[in-house]
Every structure is written in structure tokens, then in C-alpha cells.
Amino acid sequence: MVDPSTLLVLTSGSTAALGSLVAWLAYQGYRRNDSQAMRFLAVGVAGIAVVPFFVSYGLGPLLGASDAMTLLWILLANIAGLAAIWYSLEGT
């Protein structure tokens, strides 16, 4: 049986890895086509899938942030990511 905390780290890491790949592909699309929409899409995917992992397992513990503060940073990254994706679909 796998420990739930180990499974949480593995699934979070997998999400961050796959999100990094998708963000990198969107960034490559931006560079290839000079498409602002793809740049905002790359930033948005990174904000939703990659930043929360590094806040949870890197920045939060490094700074000794409380669980509530870490969760706030994650939610702010999610909001910024969603706003960037929304802008990529509507604003450009």
C-alpha cells in the first residue's frame, strides 16, 4: 500500500511535469508564430499546473509559511493562470 502523502507528492509532481510540457509547447508556438495568445496560454498553464507544486513543496517550506499562506499563494497562482488563459482566448 502506498502512503497517501507519497501518492500526493507523486501526483502533484506528475501534474507539474505534464503542465511544464504543455506550457513549453505553448511557448514554442508563441516563438514560432509570434502569437501573443500562445504566450498567455503558456503562462496560464504554468500558473495552474506548475507554480502550485513549487509553492507547496519548495517556496512554502523554504520560507516557513503557514498552511493558510501557502494555500493563498496557490490560489493566487491559479487565479492568475486562469486569467492568462482567459485573456489568451478572448483578449488577443
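Leu18, Leu21, Val22, Trp24 and Leu25 make a nonpolar surface patch of about 490 Å². This is a predicted model, where local features need pLDDT of at least 70, side-chain atom pairs count only at pLDDT 80 or more, and totals for chains, interfaces and linings use all residues. Residues are numbered from 1 along each chain as its sequence is written, and side-chain values use heavy atoms, with hydrogens and water left out.

**Patch**
- Accessible areas come from the Shrake-Rupley method with a 1.4 Å probe, and for residues only the protein chains shown count as cover.
- Leucine 25 lies in helix 1, residues 4–33.
- With a relative accessible area of 47%, leucine 25 is partly exposed (buried is under 20%, exposed over 50%, partly exposed in between).

**Helix pair**
- The axes of helix 1 and helix 2 (residues 36–63) come within 8 Å and cross at roughly 160 degrees; axes are lines fitted to C-alpha atoms, for helices over the stretch in contact, with angles from 0 to 180 degrees between N-to-C directions.
- The two helices are therefore roughly antiparallel (angles over 145 degrees).
- Helix 1 passes helix 2 in a left-handed crossing, meaning the near helix is turned anticlockwise from the far one by less than a right angle.

**Whole chain**
- Of its 92 residues, 26% count as buried.
- The C-alpha trace spans about 45 × 30 × 20 Å along its principal axes.

Note on methods: Patch = residues over 30% accessible without salt bridge, like charges linked within 9 Å, V, L, I, M, F, W, Y side chains within 5 Å. Salt bridge = Lys/Arg side-chain N within 4 Å of Asp/Glu carboxyl O. Helix = DSSP H or I, 4+ residues; strand = E, 2+ residues; numbered from the N terminus. Buried < 20%, exposed > 50% of the residue type's maximum accessible area, 1.4 Å probe, protein only. Parallel < 35°, antiparallel > 145°, perpendicular 65-115°, else oblique.
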